[in-house]
Amino acid sequence: MKKKAAFLLALILFFVSIPVKASHTISAASYILIEASTGRVLAAKEEDTRRPIASTTKIMTALLALEEENNRARFIVDSEAIKVEGTSMGLQEGDEVSLYDLAGGMLSASGNDGANAAAVQIAGSIEAFANKMNEKAAALSMTNTHFVTPSGLHDEQHYSTAADMAKLARAALKNEDFAYLCSQQTVQLHYGNPAYKRTLSNHNRLLSSYSGCIGVKTGFTKKAGRCLVSAARRNGVTLICVTLNAPDDWADHTALLDYGFSAVRSRAVSPDVSDVSIPVVGGTGSTVQAALLSPGETVLTEEEWEHVEREIECYPFLYAPVSRGDLIGFAVYSREGEEICRIPLVACTEVEYDNTAYQPSFWEKIVTFFKEHIRFLN
């Protein structure tokens, strides 16, 4: 009986510890699942292990192309740059194209030719562009990443980690052009000699098979295996998932994303501040009533929501006149001492200046300002 009880307890603990459906074992050598608005990790395995990342590299290349000014300006592709093995968006010598078109070709058809063409156009050479990629990686705190090629073709010194690629995807999705291009099952681009409209299909099957999928990028080489960065949005929650060297990547992402959406919730935060008022000095009224500027919103797990605390931060007093809509404080939500949401509070009533009331001197106001306002801002 004791052996049976011990077995049942071990079985329960085993299933509780798995962050995904028990019916699917994650095949990836490395993976990570994060909540995009905060970057909080929801599930991970060997997320900081350096591995080859294949064409998920093009997330960085496309982002840099789209961050260039006048990325829709047209130019003739470098004839040597487009002579590259692997997947292609069909560029030929003499083709007229824009960096926007090249980014679209990278994020849909995974064009190695498009990546090389963009690199040479932006930096003058593949090597110089790799330097720009590494500078951007450093700016994004991708501390375990080093880029050599714009396309992701294998090189022993070209690597990243699941955690770093999640940081990159999180940053890239904030770029409107990038977010649009990587979310489309098909994209219309203009290039050629002369340029004409073309329709390219996206290699990311999750765009059609997973509800709420909004990107991001596939990748494969023999050395890297199957690599995939995905993002999905449901009910105000955006998740980013990365798998490296994952034989069953589509199923891995489905299971991990399903887990994430079951684990976290986005809720509107709209505190009752009807009892919050602030004294007013030198006015026709003695206090001003607080109101929310607008409701807040944050994403937490159900367990985390149970431990959220609210604190009202307001000026200790105000000088008249006070106008409706003036900022007078904040409603601050935190969990275990970490701030998760800060909602501005404004005056919902007006208090006019009272000429008959005592007014402090100029220097008294200066001293009060530094004593009270600086403490409030801190």
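**Exercise 1. List the buried residues of helix H9, then judge how enclosed the helix is.**

Step 1. Set the cut-off: buried means under 20% relative accessible area, exposed over 50%, partly exposed in between (1.4 Å probe, protein chains only). Helices (H or I, at least four residues) and strands (E, at least two) are DSSP runs, numbered from the N terminus.

Step 2. Read off the list. Asp249, Trp250, Asp252, His253, Ala255, Leu256, Leu257, Asp258, Gly260, Phe261 and Ala263 are buried.

Step 3. Conclude. Of the 15 residues of H9, 11 are buried, so the helix is largely enclosed by the rest of the structure.

Step 4. Check the source. This is a predicted model, where local features need pLDDT of at least 70, side-chain atom pairs count only at pLDDT 80 or more, and totals for chains, interfaces and linings use all residues. Residues are numbered from 1 along each chain as its sequence is written, and side-chain values use heavy atoms, with hydrogens and water left out.

**Exercise 2. Trace the open sheet that contains strand E9.**

Step 1. Write the order. Five strands run E2-E1-E9-E8-E7, with antiparallel pairing. Two strands pair if DSSP finds at least two bridges between them.

Step 2. Find the edges. Strands E2 (41-45) and E7 (213-221) each pair on one side only.

Step 3. Follow E1 (residues 30-35). It is joined to E2 by 4 bridges, and Ile32 stands opposite Ala44 in E2. Another 6 bridges join E1 to E9. There, Tyr31 stands opposite Thr243.

Step 4. Cross to E8 (residues 225-234). It pairs with E9 over 7 bridges. Ala231 has Ile240 as its bridge partner in E9. The hairpin of E8 and E9 has 2 residues between the strands, and Asn235 takes a positive phi near 50°.

**Exercise 3. Which way do the side chains of E9 point, and are they buried or exposed?**

Step 1. Sort them. Val237, Leu239, Cys241 and Thr243 point one way; Thr238, Ile240, Val242 and Leu244 point the other way.

Step 2. All are buried, and strand E9 (residues 237-244) is mostly covered.

**Exercise 4. Locate the nonpolar cores.**

Step 1. Define the term. A nonpolar core is a set of buried Ala, Val, Leu, Ile, Met, Phe, Trp, Tyr and Cys residues joined through side-chain atoms within 4.5 Å.

Step 2. Take the largest. It has 59 residues, and Leu102 and Phe178 have the most contacts inside it.
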